[in-house]
Every structure is written in structure tokens, then in C-alpha cells.
Amino acid sequence: MLGLMQSQPLLISSLIEFAERHHGSAEIVSRRVEGDLHRYTYKDAAKRSRQVANALDGLKIGFSERVATLAWNGYRHLELYYGVSGSGRVLHTVNPRLHPDQIVWITNHAEDQVLCFDMTFLPIVQAVHARCPTVKRWVALCDADKLPADSGIPNLVSYEAWIAGHATTYAWPMFDENTASSLCYTSGTTGNPKGVLYSHRSTILHAYAACLPDVMCLSARDSVLPVVPMFHVNAWGIPYSAAMTGCKLVFPGPALDGKSVYELIESEQVTFAAGVPTVWQMLLGHMKPNKLHFSVLNRTVIGGSACPPAMISAFKDDYGVSVLHGWGMTEMSPLGTVCTLKNSHLALSKDEQLKILSKQGRSFFGVDMKIVDSAGKELPWDGKTYGDLYVKGPWILREYFKDDGGDPLVEGWFPTGDVATIDTDAYMQITDRSKDVIKSGGEWISSIDIENIAVGHPAVAMAACIGVAHPKWDERPIIAVVKRPGMDVSREELLKFYEGKTAKWQIPDDVVFVDAIPLGATGKMLKTRLRAILKDYKLPV
Ligand code: AMP
């Protein structure tokens, strides 16, 4: 017997319709490429999303065809999120930090029909457009009078001129909630990138979960700043969760330096912000010397790479801001775990709480996880045993776009490529990417632990730990370090700093000072490139 409740497909268009009706006057503020602040409301965003849908109909872009963006976080990008997916097309967010050859590759692979770009990326588009034959319309996200006359790009139109002639009414179509809604390619540090194709259903379920109190805890009382880009895993789903809750949305545009982010947080009274550790490092680096404080920011979710405990305490102790350490992947929409305390932890000391809060956290309803050994046997949740982390759930990938790479699942579970422990309270801690794990004398050393200790030293701005070949131990860790401007630390001082903070045999054998650590298109340290840079390095004898 079936239940007798209404059945309504979970569609992205319903989010913007809801926001318009129930939170129509809530604000959306964007720093524009032009430098000024643009303000409007969910009601305006809904109206212009419908114009986008009509404009796509006008171009005869078919159901499920791909419309690409090369854009910062901003209101026009938001309108494309809703106008493209809501009308049944697939929004393909392209990461502008990729190499132009990779942009060409994924644009062709996705068979993008339209590509909308911020003017910052005009030089990229000029370099790639001739190699993207599927794109029949290039749209510059600007006013009509800002369109360059001699761009050399055929079929170029300004976004404002493109949508202006179209009606502000549109009947959002109803279709199967499992229909594809958006597409994001993995960073592709090894081999070609692979496409992750989200559905309306997966996006809405993920958006619901993101709002939960032990995840982002979003509400209509929040002012939310996603610094995490809309071109990388949909800004962790915030554009959708925001419409679901009616919170104020604040978009930083291209201004991601510490000063600009700080000023936006203060001027827009941001209560919640989301970003990767490198962005927050720039923010704290600006605030400390200028003796600045936050007036209302109370929490921030930090993920994408490991958040060092030193950053968690700096936010809490110096600024009263709670860090929610999160972990996820493009293949997971991306949220997998977020770290918040349980009731039983409230009486613990500050140091004990920090130990828990430094972990990547607990999964929430919708994400199941397990750790397994090399034979696929499930390992215990004791906080010590580490193994390959597998996940499953309704917003986790089943297969890649166009079936690239074959069936990625192992008995229904997605192998994340991360190595982790899970403790008795179900808190997961990432040890490493499996390809970055350092094996010394048969024992594993977590490069993340070694890096976290180094960045706890006041003179260290960034640190990356890699293994180098050793005749007796197979591999030994060394740490590559970027010093903070104007500060100094010697090799010996830094190695001494490790004493008492980790087992003796895990202390790196050497410190290599470097000017910069190579970062990938999503801001993660590129250890493959670091290893190539240090290929002639020899351990001290
Ligand atoms: P991406 O799909 O580009 O977002 O990369 C996902 C990968 O980033 C994960 O598989 C992890 O290796 C890494 N990652 C994400 N969040 C964290 C975190 N909080 N701590 C450590 N690694 C992380």
C-alpha cells in the first residue's frame, strides 16, 4: 500500500520560487568585477532568472543541454544557477583557474552550447573560443555599454542585452527530479578531469542537509558570505541552501584578499562565512597586524583541505568565531562531514575540545561512511585504525559523466581516495590522500599532522610534508616551509618545535625553505608538483 501524501518532484526552480514568495525582500549583495557593490533582493533574482530561462528558450537550447559559466560569485551567476537548471538545462560551472587547454578540453567534453563569463576572464575566452566549436553563443556578464567592440569573439553579447528583451514571466517546467541539473569537473591532478553530474533531487536533498544545525545551521537571520567559489562544487551548495532559508547572501566577486573580505564581512554584517584555509589565512593575516575584530561573525565553515588546529584556536580565542571544520569532495556535492561537539563533550577542557574540533567531523543523515583495509574488509571505529574511506548516499556520485573511468563504485560504495580514522563517537579524521601517505619502516605517517604542527609555529605561513626515498626506512618525511613575511625560523628551531608534539620517529628529517608551495586550481597544495620541484633533493646524511 502506498502512502497517500502529495508527490511533487524536488526541483531547483521551486527553491527560487519559494525564496521569492517567502523571502522576497531579503537582500543579495555582490561585489562586482567593476569594483562597486550591487544590491537587490530574492524577488529581483527570481525575476531575472526567468528572463534567463526565456533567453535560453530563444536560443533553442534543448532540455539537458549544457550552459557553461566562467564566473566569480555574484548575482548574475546566481541567476544562471536558477535560470539554467530551473528550465531543465544543465549548468556547467567551469573553474577559471584551470589551464586554458583544460578549459578547452572540458568545454568540448561537456559539449557546452552557451558560455557566460565575467569580464575578468575575457583574455581566457579570447584564447580558447576558436577551439570550442560547440559553443554557439558567448555571453559577457556585463552591461551592454561595457562590451568591448573588438573582442574578436564571434556571437558575443552582453548578459544585460541578452536577457533584457525577454519576459519576466516563465512557467518553470515540471520533470523527473532525477534529471541532471549541474555539472562540475574534478580537479584532474592525474589524467583528464572527470565530470560529476548532479541532479535536482541530489541538489535539494544536499541543500536541506546543509541547513541542519550540526552542518551550517542556516536561517533567515543569517547574513552568509560564500567565499568558496560558485565554480567549485556550487560554492558548497550555499546558493541553494540560502534560497531555502531566505538568509541574506553576500558575494565577494573577484576581491578575495584579506582586506576586501574583512571589509565585506563588516559592512554587510556577515554572521556566517565559508571558505578554504588559504583564504582565511589571508583574512587573519590582515586582521592581526591591524588589530581588527569582527562585530557579528559568529561561525565559519572551513574545508577543502585540512584546517590547522592553530587556525581553529585563532578564530575562537582571538575573535570569538567558531570554526566548523568540514570535509567533502566534488563527487559528494560536496558535503560529507562537519565537526561540531556532541552534548557529552561540553564538559571537556578547551584543549580536549580542540582535539575533537580539529577532526574533519561527523557525517550527518544522508552520508554513510566506512573505512576498509586493502582487501575491502571493514575496519573498527576506534580512532586509531586507519583505512580507505568509502561513502554512500543520495548526493554522492554513482558514475562519472559519459561513464568516464567505468564503474567507480565498490559494492555500492564510493572510494574517496582519502585515508582516515573514525572514532567511537563517529568522528572521522583524514590522515592523507592515499597517494600522499608516507610509509616509514612499515608505519604510516600522516602528512597532515606534520603540516599542522609546522603551521602552529608563528613564523610559518604554509607547510607541505612529502615523503622522500630512504635506504633503510623506505620513506622519510621532509617538510617544505614558506616563512611569514618579515619573520624568521631556522631548520633547527623548527625541528625542535616538533619535540613533544608528535612521536620522535614521525618528526621530519629535514626542513626545506621555499618561496611558495604550488597550489592547484581549487587552492589545494599540489604535492605532485612539489615532488617534481624537489626531485634532486637528497636527505641529509
Ligand atoms: P575536491 O573534489 O577538489 O573538492 O577535493 C576533495 C578532496 O579534498 C578530498 O578527497 C580530500 O582529500 C580533500 N579535503 C577536502 N576537505 C578536507 C579537509 N577538511 N581535510 C583534509 N582534506 C580535505
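This is a short tour of a predicted model, stop by stop, with something to select at each one.

Residues are numbered from 1 along each chain as its sequence is written, and side-chain values use heavy atoms, with hydrogens and water left out. Because the model is predicted, local features need pLDDT of at least 70 and side-chain atom pairs count only at pLDDT 80 or more, while totals for chains, interfaces and linings use all residues.

**Stop 1: the ligand**

Helices (H or I, at least four residues) and strands (E, at least two) are DSSP runs, numbered from the N terminus.

Next, look for polar contacts. These are pairs of N or O atoms within 3.5 Å; within protein, one atom must be able to donate a hydrogen and the other to accept it, and residues adjacent in sequence count only if both atoms are side-chain atoms. Which atom of the ligand is 2.7 Å from a polar backbone atom of Gly-326? It is a nitrogen atom. A backbone N or O atom of Gly-304 also lies 3.1 Å from a nitrogen atom of the ligand. Then move to the side chain of Asp-418, where an N or O atom is 2.6 Å from an oxygen atom of the ligand. Taken alone, the ligand exposes 500 Å², and the protein buries 92% of that. Such areas come from the Shrake-Rupley method with a 1.4 Å probe; for residues, only the protein chains shown count as cover.

**Stop 2: Ser-333 and Pro-334**

Ser-333 is in the loop between β14 and β15 (335-338), and Pro-334 is found in that loop too. Zoom in on the peptide bond joining Ser-333 and Pro-334: it is cis, with omega about 5 degrees. Most peptide bonds are trans.

Is Ser-333 buried or exposed? With a relative accessible area of 7%, Ser-333 is buried; buried means under 20%, exposed over 50%, and partly exposed in between (1.4 Å probe, protein chains only). A polar atom of the Ser-333 side chain lies 2.7 Å from the backbone oxygen of Trp-395. Setting aside neighbours within four places in sequence, Ser-333 is in contact (heavy atoms within 4.5 Å) with Tyr-198, His-206, Val-233 and Trp-395.

**Stop 3: helix α10**

The Glu-266 side chain makes a polar contact of 2.6 Å with the side chain of Ser-295. Leaving aside neighbours within four places in sequence, Glu-266 is in contact with His-293, Phe-294 and Ser-295. Just past the helix, Gln-269 takes a positive phi of about 50 degrees.

**Stop 4**

Most residues other than glycine have a negative phi. Go to Lys-60, in the loop between α2 (42-58) and β3 (66-70). Lys-60 has a positive phi of about 60 degrees although it is not a glycine, and is exposed, with a relative accessible area of 69%. Asp-403 also has a positive phi of about 60 degrees. Find Asp-403 in the loop between β17 (387-392) and β18 (414-422); Asp-403 is partly exposed, at 42%.

**Stop 4: the cysteines**

A disulfide is a covalent bond between the sulfur atoms of two cysteines. How many disulfides are there? Counting pairs of cysteine sulfur atoms within 2.5 Å, the total is zero. Cys-184 is in no disulfide, and the nearest cysteine sulfur, that of Cys-116, is 16 Å away. Finish at Cys-247, whose closest cysteine sulfur is 7.9 Å away in Cys-211, too far for a bond.
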